[in-house]
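Let's take a walk through a protein chain together. Keep the structure open beside the text and look up each residue as it comes up.

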Amino acid sequence: MIKTVPKAADVLHASAMPAHEPWYSTTLNVWTLAATIVASITLTKMVAAGWRQTFGRRRHVISRVRKVAPWVTPGYLEELFGEPTWASTLTVHRHQPEEPVPDEDVEVELTKRTWKLGRFGYLVTWSTRNTVEIYGITTTSRWFRPRLLIGDTLVKLGKTRISALKEPDQFWSWLGARRFTYIESFYFGNPGGYRTWYVGVNDIGYEPTPPISMVEMADEEHKAFRSIARINTVLVGTAFFQEASDASLFGNSFGPDQDQIRLLEPGMQLVHSRTAAWRSRFTIRRFAWYQNYRLWRYHRALERAQGSASKA
């Protein structure tokens, strides 16, 4: 066997190399880890934003509405919902005690702001320059039914009948040629945070049920109407204004104004879409069917109310 003797230069080069060289680079792995973290955070934000705009839109809207309360600032609401879709001003009058305070302003200017919550509904507020006095929501979709605790009654907006609540402190109804409104008010004192609740039916809300009669309803008629009408609008506030106590603050629009918001519908737009006419015909036919069904249910409920009244 022939043995080779290593050269002196090879021996010196081998002795200069480290005995155990690491298989990784510390600097390279730190930058790789940082890039992975940044990419994961970016991807998570993109997925969350996509979820809020699609399948999680309803839950996202409800979580934002839960953060609204009387006496918050209008700027706080704009941070939650952005710029309002509509805004208008009106003048109201404060309640004065028996001995009026001369330095206090009686007339107050309120701004009514309306936000369109996608296809789910609308958020409406009445606020002074720095304070939200009254706010409320209206559902226009069967997929948007948030739960609200009114007194000790749990109400599912767009589904619960008005008869699920106790008899109201006051109620107002109005029926015109094509517009209608029904409002009930409740006050629960300190347990309710000294807030006044306004519950009722908006004519552009989900499955609106108009009052049957244009004149004042009798007890049996009122009872029958409450048993079939669904609550699609709820307002709450702590406003001590004369117009709020007699519901004239709301006028013919308990919440969003139909004559105002319908101008944003596809059928009213300047550029007409191909599906707008078909959608309009379908909506009219569905509303006509629902109105006939509503009248049938009302007459059934009225017969039961009159029968129970005659037995009593």
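## A hairpin to start with

Strand β5 (residues 147-150) pairs with β6 in the antiparallel sense, over 4 bridges. Strands here are DSSP runs of E with at least two residues, helices are runs of H or I with at least four residues, and both are numbered from the N terminus. Two strands count as paired if DSSP finds at least two bridges between them. Together β5 and β6 make a hairpin with 2 residues between them, and Gly 151 in the turn has a positive phi of about 65°.

Now look at which way the side chains go. Buried means under 20% relative accessible area, exposed means over 50%, and partly exposed is in between (1.4 Å probe, protein chains only). Strand β6 (residues 153-156) has a covered face with Thr 153 and Val 155, and an uncovered one with Leu 154 and Lys 156. Across the pair, Leu 148 stands opposite Val 155, and Leu 149 stands opposite Leu 154.

## What kind of model this is

This is a predicted model, where local features need pLDDT of at least 70 and side-chain atom pairs count only at pLDDT 80 or more, while totals for chains, interfaces and linings use all residues. Residues are numbered from 1 along each chain as its sequence is written, and side-chain values use heavy atoms, with hydrogens and water left out.

## The whole chain

Stepping back, the chain has 8 helices and 10 strands. Of its 312 residues, 38% count as buried. Contact means heavy atoms within 4.5 Å. Take the contacts with a separation of 6 or more: 62% of them are between residues 24 or more positions apart.

The accessible surface comes to about 20,200 Å², and 56% of that belongs to carbon and sulfur atoms. These areas come from the Shrake-Rupley method with a 1.4 Å probe, and for residues only the protein chains shown count as cover.

Which residues have the most contacts inside the largest nonpolar core? They are Leu 77, Phe 81, Ile 231 and Val 234, in a core of 40 residues. Apart from it lies another core, of 16 residues, among them Val 92, Val 124, Ile 183 and Leu 235. A nonpolar core is a set of buried Ala, Val, Leu, Ile, Met, Phe, Trp, Tyr and Cys residues joined through side-chain atoms within 4.5 Å.

## One side of α4

The buried residues of α4 are Pro 74, Leu 77, Leu 80 and Phe 81. They cover an arc of only 115° around the axis, so they sit on the same side of α4. The arc is that of the directions from the helix axis to the C-beta atoms. An α-helix has 3.6 residues a turn, so residues three or four places apart point the same way.

What covers these buried residues includes α3, β2 (107-117), β3 (121-127) and β4 (132-139). Just after α4, Gly 82 takes a positive phi of about 85°.

## The loop between β10 and α6

Thr 238 is in the loop between β10 (233-237) and α6 (242-245). Is Thr 238 buried or exposed? Its relative accessibility is 9%, so Thr 238 counts as buried. Its side chain makes a polar contact with the side chain of Trp 71 (2.8 Å). A polar contact is a pair of N or O atoms within 3.5 Å; within protein, one must be able to donate a hydrogen and the other to accept it, and residues adjacent in sequence count only if both atoms are side-chain atoms. Trp 71 itself counts as exposed, because its relative accessibility is 58%, and has a positive phi of about 80° although it is not a glycine.

Phe 241 is found in the loop between β10 and α6 too, and counts as buried at 3% relative accessibility. Phe 241 and His 95 are 146 residues apart in sequence, yet 5.4 Å apart in space, C-alpha to C-alpha.
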